[in-house]
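Reader: Please take one close look at the charge pairing here, and at what surrounds it. Keep it brisk and give the cut-offs.

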Amino acid sequence: ASVLANPRVTLYCLDLQKREAIFLQADSDIRLEDRPFYYQGQFEHAQRAIVLSFEKFHALAEARGDAFERAVLIHSVGRCGSTLLSKMFGNLEKCLSLSEPDVYTQLTLPTTDHSNRVPLLRSTTRMYYQPRDGERPTHLVLKFRSFCVELAAAMQQATPSAKSLFLYRDVDRVVRSGMRVFRYRGAPLWWLDS
């Protein structure tokens, strides 16, 4: 009950081997959704961890149900403005927009039990809808990392009300942007400015 009632307690990751969900409680009144990346804000502001078995995790998610009217799923190739779009959604009163909540990233790993993926996605999505006191957004917007596109079909099964957006960009510009931001050591960067 304290997990559901406290907007400072948010789902952080899953321990797939131990079949546990790990929640973190953030300090003070930090707005995690305002951080560039949700998982980063959770990590930087964590004060306490709460660990629940998958059975309790699924039971809490079932008790919450789909408290949002609609989910909006942002898939992209990366380096194409998806974080900006997520932040724009976050400025709308009716949207709770999370940029890169990390459980979805975990569920793309090859070690994941794919037969159990849809129930985990359903419970995860329900638990990420954790609005702050006094706020009742109608839409949950989730912006994923680029490789999470492989979850698209499973996410549609887990959250049938979801609408998906897919952002892409010219491949040359994606590569140039990636090279600039990640500064690959030893890579010839002279061609970036050509």
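Author: A salt bridge here is a side-chain nitrogen of Lys or Arg within 4 Å of a carboxyl oxygen of Asp or Glu. The model is predicted, so local features need pLDDT of at least 70, side-chain atom pairs count only at pLDDT 80 or more, and totals for chains, interfaces and linings use all residues. Residues are numbered from 1 along each chain as its sequence is written, and side-chain values use heavy atoms, with hydrogens and water left out.

By this rule there are 11 salt bridges. Side chains of opposite charge can pair when their charged atoms come close. R31, E33, D34 and E135 are linked in a network of such bridges. Within it, the side chains of R31 and D34 meet at 3.0 Å, N to O. How covered are they? Buried means under 20% relative accessible area, exposed over 50%, and partly exposed in between (1.4 Å probe, protein chains only). R31 is partly exposed at 30%. D34 is exposed at 51%.

Next, the bridge between D102 and R145. Their closest N and O atoms are 3.3 Å apart. This pair links distant parts of the chain, 43 residues apart: D102 sits in the loop between β5 and α5, R145 in the loop between β6 and α7. Helices (H or I, at least four residues) and strands (E, at least two) are DSSP runs, numbered from the N terminus. D102 is buried at 18%. R145 is partly exposed at 21%.

E150 pairs with R117 at 3.9 Å between the closest N and O atoms. E150 lies in the loop between β6 and α7 and R117 in helix α6, so this bridge ties together parts 33 residues apart in sequence. E150 is partly exposed at 45%, whereas R117 is buried at 11%.

Helix α6 covers residues 117-128. Its 12 residues reach 16 Å from first C-alpha to last, close to the 16 Å expected. The expected span is 1.5 Å times one less than the number of residues. Of the 12 residues, 10 are buried, among them R117, L120, L121 and M127.

V149 is also in the loop between β6 (139-143) and α7 (152-158). V149 is partly exposed at 38%. With V77, F166 and Y168, V149 makes a nonpolar surface patch of about 410 Å². Patches use residues with over 30% relative accessible area and no salt bridge; like charges are joined within 9 Å, and nonpolar side chains (Val, Leu, Ile, Met, Phe, Trp, Tyr) within 5 Å. Areas come from the Shrake-Rupley method with a 1.4 Å probe, and for residues only the protein chains shown count as cover.

Of its 16 lining residues, the closest to its centre are G78, R79, E100, K143 and F182. On a 1 Å grid over the protein atoms alone, a pocket is an open set with protein on both sides within 12 Å along at least five of seven lines; lining residues have an atom within 4 Å of a point. E100 is in the loop between β5 (95-99) and α5 (103-106). E100 has a positive phi of about 65° although it is not a glycine, and it is buried at 9%.

Conventions. On a 1 Å grid over the protein atoms alone, a cavity is a set of points where a 1.4 Å probe fits but cannot get out, and a pocket is an open set with protein on both sides within 12 Å along at least five of seven lines; lining residues have an atom within 4 Å of a point.
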